[in-house]
Amino acid sequence: MSLMNQVLSFDDVSGILVCQAGCILESLDKLVEEKGFIMPLDLGAKGSCHIGGNIATNAAGLRLLRYGSLHGNVLGLEAVLPNGKILDCLSSLQKDNTGFDLKQLFIGSEGSLGVVTAASILVPRRPKSINVAFLGCQSFPDVLDTFKLAKIMLGEILSAFEFQDETSMELVTTYLGLHNPIRKWPFYVLVETSGSNDNHDEEKMNCFLEKVLSENMAQDGTLATDLSKVAKTKV
């Protein structure tokens, strides 16, 4: 599939990308970045994974909270069936409620129904403002309370919420050589916001952090408000 790596078209008005299944996810993200867009899917393996494989496995990734799953972002696809016939559902129409939505059967089918060879994907605008907070929590219920508060206070700019336990952090620091930016805690939470207004987004993130720390949902944390400079401010 790596030979089928052509971008067939990209409409910078509608934000619809049509490409072959062998395109590398990271390459697609760099391509649309030049036009001011971002791929709705982000994975640790983005430098090697193919978009066709992402669709076949219905990969979720880190941006699921903001952009939803591939069931909503894939507008159409082309697939080769086991009998050799080509199924052409490569629609690039965002609002299409006609007939059976056959593409949904292939998203997450892992190749059992056929091989995805091309897809049209709805690509959102790239956010101009990104803030990331890394917090330490004493218990898992604190993690859940932090998540609920993030959805309430950050709302439309919340783009990612991930957590890991103490053992996972020890593995990361020991075997990957990465530095833990805060003290040692049983649980860690990463909260990311993305939007279009720096002042607005940073103010919302600061209010969220003030609330989550004052109510002891998180006991420690660090905030990055300028990711281009990787500047971190202790909270």
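## Helix 6

Helices here are DSSP runs of H or I with at least four residues, and they are numbered from the N terminus. The model is a predicted one. In it, helix 6 is followed by G155, a residue with a positive phi, near 50°.

Helix 6 takes in 14 residues, 140-153. The buried residues of helix 6 are D142, V143, T146, L149 and A150. These residues cover an arc of only 130° around the axis, which means that they sit on the same side of helix 6. An α-helix has 3.6 residues a turn, so residues three or four places apart point the same way. Among the elements that cover the buried residues of helix 6 are strand 6 (129-137), strand 7 (158-165), strand 8 (187-195) and helix 8 (198-214).

## Aromatic pairs

A search of the whole structure gives 6 aromatic pairs. One of them is formed by F134 and Y188, which are stacked, with 5.6 Å centre to centre and 5° between the planes. Because F134 belongs to strand 6 and Y188 to strand 8, this pair ties together parts that are 54 residues apart in sequence. Both F134 and Y188 are buried.

F140 and F187 form another aromatic pair, a tilted one, at 5.9 Å centre to centre and 55° between the planes. This pair also links distant parts of the chain, since F140 is in helix 6 and F187 in strand 8, 47 residues apart. F140 has a relative accessible area of 34%, so it is partly exposed. F140, F187 and F163 make up one aromatic cluster.

## S129 in strand 6

S129 is part of strand 6. Its relative accessibility is 2%, and S129 therefore counts as buried. The side chain of S129 makes a polar contact of 3.3 Å with the side chain of D201. Apart from neighbours within four places in sequence, S129 is in contact with T193, S194, G195, N197, D198 and D201.

An unreviewed UniProt entry places the feature "domain: FAD-binding PCMH-type" at residues 1-126. In the model this span is 22% helix and 23% strand, and its end C-alpha atoms lie 28 Å apart.

S2 is in the segment before strand 1 (7-11). With a relative accessible area of 45%, S2 is partly exposed. When residues up to four places away in sequence are not counted, S2 touches G22 and H50. From S2 to L213 the separation is 211 residues in sequence and 48 Å in space, C-alpha to C-alpha.

Most residues other than glycine have a negative phi. N58 is not a glycine, yet its phi is positive, about 50°. N58 is located in the loop between helix 2 (51-57) and helix 3 (64-67). The relative accessibility of N58 is 25%, so N58 counts as partly exposed; the partly exposed class lies between the buried limit of under 20% and the exposed limit of over 50%.

E110, also a residue other than glycine, has a positive phi near 55°. The loop between helix 5 (103-106) and strand 5 (115-122) holds E110. At 60% relative accessibility, E110 counts as exposed.

Note on methods
Residues are numbered from 1 along each chain as its sequence is written. This is a predicted model: local features need pLDDT of at least 70, side-chain atom pairs count only at pLDDT 80 or more; totals for chains, interfaces and linings use all residues. Side-chain values use heavy atoms; hydrogens and water are left out. Helices (H or I, at least four residues) and strands (E, at least two) are DSSP runs, numbered from the N terminus. The expected span of a helix is 1.5 Å times one less than its number of residues. Buried means under 20% relative accessible area, exposed over 50%, partly exposed in between (1.4 Å probe, protein chains only). The arc is that of the directions from the helix axis to the C-beta atoms. Contact means heavy atoms within 4.5 Å. UniProt positions are given in the numbering used here, feature names are shortened, and annotations may be inferred rather than shown by experiment. Rings of Phe, Tyr and Trp (its six-membered ring) pair if their centres lie within 6.5 Å; planes under 30 degrees apart count as stacked, over 60 as edge-to-face and the rest as tilted. A polar contact is a pair of N or O atoms within 3.5 Å; within protein, one must be able to donate a hydrogen and the other to accept it, and residues adjacent in sequence count only if both atoms are side-chain atoms.
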